[in-house]
Amino acid sequence: MSEKRPSKQQVYTLLVEVGRKAGDGLPKDATGAALMCYASGVDEAEAVRETVAILKQADLAPLDVTGYGTADERRAEGHEIDEDEAELMARALAENSVIVAQMTPFFDKD
């Protein structure tokens, strides 16, 4: 009998673009938004799937997801991760959850 190893969860940084949907809670004149999320998963694909599912449950309309990798991968690319961001990532890992760290609404410039 082989021992079952615990899965190695990691936290991935994801930028999710959302469109408009009734009840989405975005400002009335916004055309959509960008959400910076920290999501746990055994791989980035799982983190993306979980994030999209949760955002849909929150009446948001995910259109596109850009993955920026784990904290270690980001540091290797020269990204600086401040203390607040590191704390949110640790929380996402501890809670095995998706954390929306920032939401930036988009507005048409007419």
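Which residues does Thr 13 touch, not counting residues up to four places away in sequence? They are Met 36, Cys 37, Tyr 38, Thr 66, Gly 67, Tyr 68, Gly 69, Arg 74 and Met 89. Keep that list in mind. The report returns to Thr 13 below.

## The whole chain

This is a predicted model. The protein chain has three helices and four strands. Along the sequence they follow the pattern β-β-α-β-α-α-β. Taken along the principal axes, the C-alpha atoms fill a box of roughly 60 × 35 × 20 Å.

The chain has 110 residues, and 33% of them count as buried. Its accessible surface comes to about 7,300 Å². Carbon and sulfur atoms hold 48% of that surface. Residues 24 or more positions apart account for 71% of them.

The chain also carries charges: 12 positive and 22 negative.

## Strand β2 and its partners

Strand β2 covers residues 30–41. It pairs with strand β1, residues 10–19, in the antiparallel sense. That pairing runs over nine bridges. β2 also pairs with strand β4, residues 98–107. This pairing is antiparallel too, over nine bridges.

Tyr 12 stands opposite Ala 39. Val 98 in β4 also stands opposite Ala 39.

How many of the 12 residues of β2 are buried? The count is 10, so the strand is largely enclosed by the rest of the structure.

Gly 32 sits in β2. Its relative accessible area is 0%. Gly 32 is therefore buried, because the cut-off for buried is under 20%. Leave aside its neighbours within four places in sequence. Gly 32 is then in contact with Val 18, Gly 19, Arg 20, Leu 26, Pro 105 and Phe 106.

Thr 13 lies in strand β1. At 2% relative accessibility, Thr 13 counts as buried. Look again at what Thr 13 touches: Met 36, Cys 37 and Tyr 38 are among its contacts. Thr 66, Gly 67, Tyr 68 and Gly 69 are also among them.

## Glu 85 in helix α3

Helix α3 covers residues 83–95, and Glu 85 lies in it. Is Glu 85 buried or exposed? Its relative accessible area is 12%, so Glu 85 is buried.

The side chain of Glu 85 has a polar contact with the side chain of Arg 74. The distance is 2.7 Å. Leaving aside neighbours within four places in sequence, Glu 85 is in contact with Tyr 38, Arg 74 and Glu 80. Tyr 38 and Arg 74 are also among the residues that Thr 13 touches.

Ile 54 is found in helix α1, residues 44–57. With a relative accessible area of 37%, Ile 54 is partly exposed. Gly 41 is 13 residues from Ile 54 along the chain. The C-alpha atoms of this pair are separated by 14 Å.

Asp 59 has its place in the loop between α1 and β3. Its phi is near 65 degrees. That is a positive value in a residue other than glycine. Asp 59 has a relative accessible area of 36%, so it is partly exposed.

Where does Asn 96 lie? Asn 96 is in the loop between α3 and β4. Its phi is positive, about 50 degrees, although Asn 96 is not a glycine. At 51% relative accessibility, Asn 96 counts as exposed, because the cut-off for exposed is over 50%.

How values were computed. Residues are numbered from 1 along each chain as its sequence is written. This is a predicted model: local features need pLDDT of at least 70, side-chain atom pairs count only at pLDDT 80 or more; totals for chains, interfaces and linings use all residues. Side-chain values use heavy atoms; hydrogens and water are left out. Helices (H or I, at least four residues) and strands (E, at least two) are DSSP runs, numbered from the N terminus. Buried means under 20% relative accessible area, exposed over 50%, partly exposed in between (1.4 Å probe, protein chains only). A polar contact is a pair of N or O atoms within 3.5 Å; within protein, one must be able to donate a hydrogen and the other to accept it, and residues adjacent in sequence count only if both atoms are side-chain atoms. Contact means heavy atoms within 4.5 Å. Two strands pair if DSSP finds at least two bridges between them. Accessible areas come from the Shrake-Rupley method with a 1.4 Å probe; for residues, only the protein chains shown count as cover. Lys and Arg count as positive and Asp and Glu as negative; His and the chain ends are not counted. The place of a charge is taken as NZ of Lys, CZ of Arg, CG of Asp or CD of Glu.
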